[in-house]
Amino acid sequence: MENLWWFRVLMIALLICAIYLVLFLRVRNIKKYQLTLEKEIGERTQELQLQKKELEKVADELTTKNQEIQRFTFAVSHDLKSPLSGIKGIASLIPMEFVMKDFPELEQYLEMINISCDTMNNLIADITKIAKIGKIENKNEVLDTNEIVSLSTTLVKGKLKVSKVKLIVEENLPNIYGDRNRIIQVFGNLLDNAIKYMGDQKQPVVYIKAEETGEKIQFSVSDNGSGIDEKSLKKLFSPFERFHADVNGTGLGLYMIKQIVESHDGTISAKSEGKGKGTTFSVILPNVVGQQIKNMIDNDIVPEKTDDN
């Protein structure tokens, strides 16, 4: 056994060589991978730098375009305010030239002109604010929906009369919490849309009703007009989409009211059974007022009564 010491030394040497060879190959592979990785990182860094320069260029172009849009918006807003003031001024002169008692409908028409001008003026002011700060904050308050619908109806009263559209509004609509001008714009636009796309209906009718479902209120504006096909329904609230070549419009109305409804944490949708079968728009808003009343009842909170005596 003592004569085999050299064999043991040889085996140990071979084992050490094998371990060294394995470690050498692994280190070589690691270095090779490291070089490949460094090359890829360098190439990727160059790509990112190029993309960064392109993004900076696009950002500069967007900034320039936004500035141009702002200047254009301010100019248009100013130009629109002048004729509005002129219309209101002329309307205010009419009562001085006529005996209003002899023209009972004239006073009503003048009121419609004033409300329409005020609404348009508010919209122009909002557009100016949006161009300046990028968005507009809602001035939310408890709203009498019956009054809101009444004001919205006034905006399209002339169109209702000319088109001989019968408007049926459900009584005692629930109050909501929202921005007065924005909600008037929503109902006004939906009514205008229903009248505009009534088609050749011989007995045109528009219905407005509401349904409270716990934490939500669903308002619906339905008509028996020309209706919408399923394909068009999917793109109905997209900007600049128009579906009737014979009807004037920009394709922005429904898109804008969708933005307004969503800014009130609500949703809007439309359904129709097809061409010639009418359309129903549903606006669902949080029932903030109803929930507050419910919480007061649940907590046995009774409003204090004042004794006038």
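**Salt bridges along the helices**

Lysine 196 pairs with aspartate 192 in a salt bridge, and their closest N and O atoms are 3.6 Å apart. The term means a side-chain nitrogen of Lys or Arg within 4 Å of a carboxyl oxygen of Asp or Glu. This is a predicted model: local features need pLDDT of at least 70, side-chain atom pairs count only at pLDDT 80 or more, and totals for chains, interfaces and linings use all residues. Residues are numbered from 1 along each chain as its sequence is written, and side-chain values use heavy atoms, with hydrogens and water left out.

Lysine 196 and aspartate 192 sit four residues apart in helix 5 (residues 180-196), so about one helical turn separates them. Helices here are DSSP runs (H or I, at least four residues), numbered from the N terminus. Aspartate 192 is buried at 16% relative accessible area. Lysine 196 is partly exposed at 34%. The cut-offs: buried is under 20% relative accessible area, exposed over 50%, partly exposed in between (1.4 Å probe, protein chains only).

Next, helix 7 (residues 253-263). Glutamate 262 and lysine 258 are four residues apart there, about one helical turn. Their salt bridge has its closest N and O atoms 2.6 Å apart. Glutamate 262 is partly exposed at 38%, and lysine 258 is partly exposed at 23%. Elsewhere, shared partners link Lys159, Asp192 and Lys196 into one salt-bridge network.

Helix 1 (residues 5-97) holds arginine 44 and glutamate 47, three residues apart. Their side chains form a salt bridge at 2.9 Å, N to O. The count comes to six salt bridges.

Note on methods: Helix = DSSP H or I, 4+ residues; strand = E, 2+ residues; numbered from the N terminus.
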